[in-house]
Every structure is written in C-alpha cells, then in structure tokens.
Amino acid sequence: MEQKVRLNINLDSGLKNETAKMLDSLGLDFTTAINVYFKQIVKKRKIPFEISDTSYLSIEEVAGTNWRDNLGEVEDEWE
C-alpha cells in the first residue's frame, strides 16, 4: 500500500461550503472526490473536463446600450 500524503489547498469558503453540500448529496467526502479527480487525470492524461476561455458578447456589446429604443420600428417578418 502506498504511503499517504497530506495536500493543503486554499479556496473560497463559499465554494467549499457549496461543494461540501454537493458531495454530501452524492455520498462523498472531499478526500474521496479529490482522489477520484486525480485518478482520472492520471488515467486520461488530461484534465477530465474541458477548460476554455469562451466568452459570449452581450446584446449591449453587439447592438449598443440603447438597442431597446427602436424595437417598435423593427419589421416582423413572421406575419
């Protein structure tokens, strides 16, 4: 059996509390969840989910801050 080591991490207390609730509903504790996560990293040789920097433009960024002002003038082609 391999020797166990302690891993200390810092994270936001709100995130910790929300995660604890979710893990509890799944019947898991932090140690088990972290072990499952790390085992998946080793097995798949990657982070087991997509990490991306996808950003979406808001309607204000596309159409301007006053985009609602002229909605009455837009022709409805569905009729």
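1. Let's start with the pocket. The largest pocket in this predicted model has a volume of about 1,000 Å³. A pocket here is an open set of points on a 1 Å grid over the protein atoms alone, with protein on both sides within 12 Å along at least five of seven lines. The volume is the space filled by probe spheres set on the points.

2. Helices are DSSP runs (H or I, at least four residues) numbered from the N terminus. By residue type, the lining of the largest pocket divides into 14 nonpolar, 5 polar and 5 charged. Asp, Glu, Lys and Arg count as charged, Ala, Val, Leu, Ile, Met, Phe, Trp, Tyr, Cys and Pro as nonpolar, and the others, Gly among them, as polar.

3. A word on housekeeping: residues are numbered from 1 along each chain as its sequence is written, and side-chain values use heavy atoms, with hydrogens and water left out. Local features need pLDDT of at least 70 and side-chain atom pairs count only at pLDDT 80 or more, while totals for chains, interfaces and linings use all residues.

4. You will find 1 salt bridge in the structure, meaning a side-chain nitrogen of Lys or Arg within 4 Å of a carboxyl oxygen of Asp or Glu. Arg68 and Glu60 are the partners, their closest N and O atoms being 4.0 Å apart. Arg68 counts as exposed, at 52% relative accessibility, whereas Glu60 is partly exposed at 31% (buried is under 20%, exposed over 50%, partly exposed in between, with a 1.4 Å probe and protein chains only).

5. Tyr37 and Phe38 make a tilted pair, 5.8 Å centre to centre with 45° between the planes. Tyr37 and Phe49 are stacked because their planes lie at 20°, with the centres 6.2 Å apart. This second pair links distant parts of the chain, 12 residues apart: Tyr37 sits in helix H2 and Phe49 in the loop between H2 and helix H3 (59-63).

6. Finally, Tyr37, Phe38 and Phe49 form one aromatic cluster. Tyr37 is partly exposed at 27%, as are Phe38 at 39% and Phe49 at 47%.

Methods
On a 1 Å grid over the protein atoms alone, a cavity is a set of points where a 1.4 Å probe fits but cannot get out, and a pocket is an open set with protein on both sides within 12 Å along at least five of seven lines; lining residues have an atom within 4 Å of a point. Rings of Phe, Tyr and Trp (its six-membered ring) pair if their centres lie within 6.5 Å; planes under 30 degrees apart count as stacked, over 60 as edge-to-face and the rest as tilted. Helices (H or I, at least four residues) and strands (E, at least two) are DSSP runs, numbered from the N terminus.
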